[in-house]
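Trainee: Could we go through this structure together, slowly, with one question at a time?

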Amino acid sequence: MKIAILTSGGDSPGMNAAVRAAARTASHYGIDVVGVMFGYRGLIKGDFVDLDRNSVSGIIQRGGTVLKTARSEEFMKPEGRAKAAENLKSVGADALVAIGGDGTFRGATILSKEHGINVVGIPATIDNDLIGSDETIGYDTALNTAMDAIDKIRDTADAHERLFLVEVMGRHAGFIALETGIASGAEMIILPEGLRKIGEIKSKLKETLKVQKRSTLIVIAEGEKTGGAWHLEDQLKEDFGKYDMRVCILGHIQRGGSPTAHDRVLASRLGYEAINAIRDGKSKIMVGVINHKCVITPIEQTFGKIKEINFDLLKMAKVLN
Ligand code: F6P
């Protein structure tokens, strides 16, 4: 038996730990492993590299992905997918382990439908927006990175008694904003899921600013409906012009760094389970962890739907912060 492994889409800390776990579990069972460089783009080009127990040594603690990654336009076209399937067959791969987020799984699903490729997904995205796993690989590390950065912003905000609008990542989802907002004691948290109108944001901010505070932090998700931190600043200028306001976009810093212990363990579990699932004859699935237990979900059910944030947490944040 032979399996191919790739990482695709936005990288997330812990992808390497998942590659290591999948490669080592496969090797434990005598399954050959081939790595695909640069995700689907590399699959189309036939950019393969042999993997074994030793070649994945010393990577569990590294951020990024040793297999590299890409967002491939070509894979969106039928001809690109046909080439990718042909290359997979030519190296003798019986299954493809795809490590990534919603775009990766959408691609894996189509590849499997069009060309009968057995695909198994491992959820890895800092956005945590996939159905079928309480958490995705990289989310915990991104939370901690963003929290550290916001703590530092708090120091300078306090020193100047400023109002800061801090934008965190999350293309369509507010998971990072919600939890970093709580963890850093932000005075306001603005999420895509909150559907807050600008009028509501302004009146809440007026209330907040009535209380004598050394600084005010608003954490806003990049995918928020009113258009992110710069746009919000524009909208607030008129009414809150007397406040010394600053915008800070945390950006890709949130995707880098050494994975937390939590992400390394999650990635190890999911890499191991992906290979077990293939050995058990499972196909077109994603492995995940729900309530601390490993579960499998049909891969086509994992993306394209809204994964609900915990609204109880948002309610709590309104009281605490
Ligand atoms: O999906 C992860 C993510 O980091 C999102 O939070 C963000 O919107 C996007 O990727 C950025 O993608 P890119 O690195 O391609 O600009």
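What follows is a set of questions and answers about a predicted model.

Trainee: Is helix 5 parallel, perpendicular or oblique to helix 6?
Mentor: Helix 5, which covers residues 139–160, packs with helix 6, residues 175–183, at an angle of about 45°, and their axes are 9 Å apart. Angles under 35 degrees count as roughly parallel, while 65 to 115 counts as roughly perpendicular. The angle therefore makes helix 5, relative to helix 6, oblique.

Trainee: How many nonpolar residues are in the contact of helix 5 with helix 6?
Mentor: Helix 5 contributes Tyr139, Ala142, Leu143, Ala146, Met147 and Ile150, and helix 6 contributes Phe175, Ile176, Glu179, Thr180 and Ala183. Sorted by class, one residue of this contact is polar and one is charged, whereas the number of nonpolar residues is nine.

Trainee: Which strands lie at the edges of the open sheet of four strands?
Mentor: The strands follow the order 7-8-6-9 with parallel pairing, and the twist from one strand to the next averages 20°. An edge strand pairs on one side only, and this holds for strand 7 (188–190) and strand 9 (245–249).

Trainee: Which residue of strand 8 is the bridge partner of Ile189?
Mentor: Strand 7 pairs with strand 8, residues 216–221, in the parallel sense over three bridges. In strand 8, the partner of Ile189 is Val219.

Methods:
Residues numbered from 1 in each chain as written. Predicted model: local features only at pLDDT ≥ 70, side-chain atom pairs only at ≥ 80, totals over all residues. Heavy atoms only, no water. Axes fitted to C-alpha atoms, helices over the stretch in contact; angles between N-to-C directions. Helix = DSSP H or I, 4+ residues; strand = E, 2+ residues; numbered from the N terminus. Parallel < 35°, antiparallel > 145°, perpendicular 65-115°, else oblique. Contact = heavy atoms within 4.5 Å. Nonpolar A, V, L, I, M, F, W, Y, C, P; charged D, E, K, R; others polar. Pairing = 2+ DSSP bridges.
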